[in-house]
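Biologist: Please walk me through this model. I would like to know how each feature is read.

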Amino acid sequence: MGPNFASPARSERTTAVLGVAVGVLFGVCLLTGLLSHLIQQPPGWFDWPSRPVWLYRWSQGLHVFCGVAAIPVLLAKLWSVYPNLYRWPPVRGVAHAIERAGIVPLLGGALLLLVTGMMNIAYWYGWGFDFIRTHYWTAWIVTGALVVHLSAKLPVLRRALAGRHAAADAVGGLERRRFLVATGAAAGALLLVTAGEAFTPLRRLAVLSPRRQGVGLQGLPVNKDAASAGVAGKLDDPGWRLAVGGRVTRPASLSLTDLQARMAGPMGHAARLPIACVEGWSQEAHWRGVRLRDLLEEAGAPAAAAVRVRSLQRGGYSSSLLNPAHARDPDTMLALELNGAPLHPDHGFPVRLIAPSNPGVMQTKWLESVTVQ
Amino acid sequence: MSDLRAAGGPEPLAGWRWWTGLAVGGAVGLVGLTGLLADAAKTMPVVWLEWLVGLVLVHDLVLAPLVNLAGRRLRDRAPEAWRWPLQLGLVTSGVLVLASVPVLVGVGRRTQPGNASVLPGDHPLALAVVLAVVWLGVLALGTWDLRRRHRTAPPPDRRGAGAEEVPAAPDPPAR
């Protein structure tokens with residue numbers, strides 16, 4: 001005899017409903033995750049638009065918070081099939097052995113994605129391997145295992161979801177519904193106390209999130225401060241200049257005063273734009289600076305050129321490439337001010353990039369050059 | 001375990017859908033595995049495998065048996081009116097605690113000691129308050145259900161005579 005697993009809430013229908021929910025949540029995570037990879041390492045055929053302004057913020061918010069919501073749903077799904085672990089005989093033939101072996105990468109990979117994902121957004125890198133690459137390749141492994149699993153379970157899924165379930169409802173229907181509601185309540189409660197780090201209407205409730213909207217210097221969280229980026233000592237240099245070069249007819253070397261003068265003139269621009277971190281938090285802020293498009297025209301850059309901005313920071317996210325759509329967007333700025341005050345060093349003083357619908361890691365801070373490609 | 005053996009059994013794995021799924025899924029999974037191994041310096045496949053297998057073992061040998069035990073106890077011991085509120089409370093609290101471990105541990109603060117916007121606030125206190133709210137809800141739901149039961153038909157004994165008594169367990173799902 002094995003352990004006693006009797007529970008009226010366990011049924012094919014419970015498993016089917018939860019399985020579909022896990023599939024949808026992981027599907028959204030896969031698509032938004034791939035999108036984020038494409039945006040940050042764009043292949044030749046891919047051009048990420050700069051509009052709508054909120055697109056990356058929403059896409060990445062969905063990625064992280066569908067992952068968060070998947071925690072209770074996946075655990076509930078696993079609970080519903082847990083007795084099968086003790087099924088005897090363990091395998092009945094080659095195909096069944098393959099199908100059961102496929103559960104290991106599916107389950108282990110899914111747990112790995114969720115656990116390391118939750119740790120990563122809390123800046124706890126307790127594993128040693130590179131998070132981004134491992135998360136990416138594991139996602140493919142889980143996707144493959146999920147396709148195999150689904151092709152094996154499709155008949156069960158159809159049977160469980162089809163028709164009126166008079167018989168199923170008579171046996172444990174209430175308990176099943178209550179179990180599903182409890183799972184949904186857990187997911188809802190978890191979102192309620194975390195999602196406000198991205199979803200502004202819930203910001204006051206985000207007491208268990210790694211970031212809080214409005215909490216940080218100048219009312220905005222700081223992803224990486226000047227000290228840990230290794231630039232703190234370089235920011236007071238009176239000889240600092242922003243080099244504007246590359247494929248331009250009139251290269252320039254601009255001091256902070258030169259940039260401030262441009263901000264005060266017709267090249268000056270102000271806009272509310274979000275910082276949207278890959279780790280899921282995002283927040284809108286009021287930015288003021290010099291419109292990049294105007295600066296490029298002043299330097300005589302070709303109309304449809306990509307632009308690379310480089311930071312005083314070395315290694316890590318020290319530069320980013322703006323495609324023509326982002327470089328020419330009327331809201332893309334070299335920002336000097338945040339929420340009505342000069343940039344704090346941790347927010348990128350003397351000047352940083354801010355562009356619409358751009359991942360936070362590509363909103364390069366502490367700029368030293370703008371190079372037209 | 002005879003109930004499991006008799007539980008309809010899994011569908012026979014045959015037909016074009018299964019073999020196509022196996023081929024496509026296998027290929028996609030292999031792309032992932034190849035990518036992971038090709039980038040071994042960064043992905044550290046041995047450490048990765050330890051994490052993957054470790055998480056499966058922690059789930060199958062620790063978490064799932066604990067949850068199963070809690071569920072049994074709840075069904076056997078809790079009064080009918082309190083089962084559902086307690087189930088709601090336990091599931092929600094368990095998930096909130098598990099998901100909060102990374103912010104509760106707070107290791108992330110050490111990555112940027114000067115950055116007060118990383119893990120701001122008192123997460124243990126916040127969790128305590130959130131759990132208190134959850135359990136107030138449990139109390140309210142249970143009290144309401146108890147009163148409703150008393151109003152409709154006072155049961156002769158505290159357990160087993162509720163209007164929503166459920167029959168014995170059905171067969172578990174086929175796998």
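**Reading the model**

Modeller: Start with chain B, which splits into domain 1 (17-77) and domain 2 (80-111 + 118-163). Domain bounds come from an automatic or database domain assignment. The centres of domain 1 of chain B and domain 2 of chain B, taken over C-alpha atoms, are separated by 29 Å.

Biologist: What should I know about the numbering and the confidence limits?

Modeller: Residues are numbered from 1 along each chain as its sequence is written, while chains are lettered from A and ligands numbered from 1 in the order in which they are written. This is a predicted model: local features need pLDDT of at least 70, side-chain atom pairs count only at pLDDT 80 or more, and totals for chains, interfaces and linings use all residues.

Biologist: How is chain A divided into domains?

Modeller: Chain A has domain 1 (12-205) and domain 2 (218-372). Their C-alpha centres lie 37 Å apart.

Biologist: How many residues of domain 1 of chain A are in contact with domain 2 of chain A?

Modeller: First, the rule. Two residues are in contact if their C-beta atoms, placed from the backbone, lie within 7 Å. Here, 23 residues of domain 1 of chain A are in contact with 18 residues of domain 2 of chain A. On the domain 1 side, α1 (12-40), α2 (55-81) and α4 (103-121) of chain A each supply at least two residues. The most, 7 residues, come from α2(A).

Biologist: How are helices and strands defined?

Modeller: They are DSSP runs, numbered from the N terminus: helices are H or I with at least four residues, strands are E with at least two. Chain A has 11 helices and 10 strands.

Biologist: At what angle do α5 of chain A and α2 of chain B pack?

Modeller: Axes are lines fitted to C-alpha atoms, for helices over the stretch in contact, and angles run from 0 to 180 degrees between N-to-C directions. Helix α5 (residues 131-161) of chain A and helix α2 (residues 15-38) of chain B pack at about 170°, with axes 7 Å apart. So α5(A) is roughly antiparallel to α2(B); the cut-off for that term is over 145 degrees. Their contact has 17 nonpolar, 11 polar and 1 charged residues.

Biologist: Which residues of α9 in chain A are buried?

Modeller: A residue is buried if 20 or more other C-beta atoms lie within 10 Å of its own, exposed if 12 or fewer, and partly exposed in between. In helix α9 (residues 256-264) of chain A, Leu259(A), Arg262(A) and Met263(A) are buried. They cover an arc of only 105° around the axis, so they sit on the same side of α9(A). The arc is that of the directions from the helix axis to the C-beta atoms. On the other side of α9(A), Thr257(A) and Ala264(A) are exposed.

Biologist: Is Val94(A) buried or exposed?

Modeller: Val94(A) lies in helix α3 (residues 94-101) of chain A. It counts as exposed because it has 9 C-beta neighbours inside 10 Å.

Definitions and conventions
Parallel < 35°, antiparallel > 145°, perpendicular 65-115°, else oblique. Nonpolar A, V, L, I, M, F, W, Y, C, P; charged D, E, K, R; others polar.
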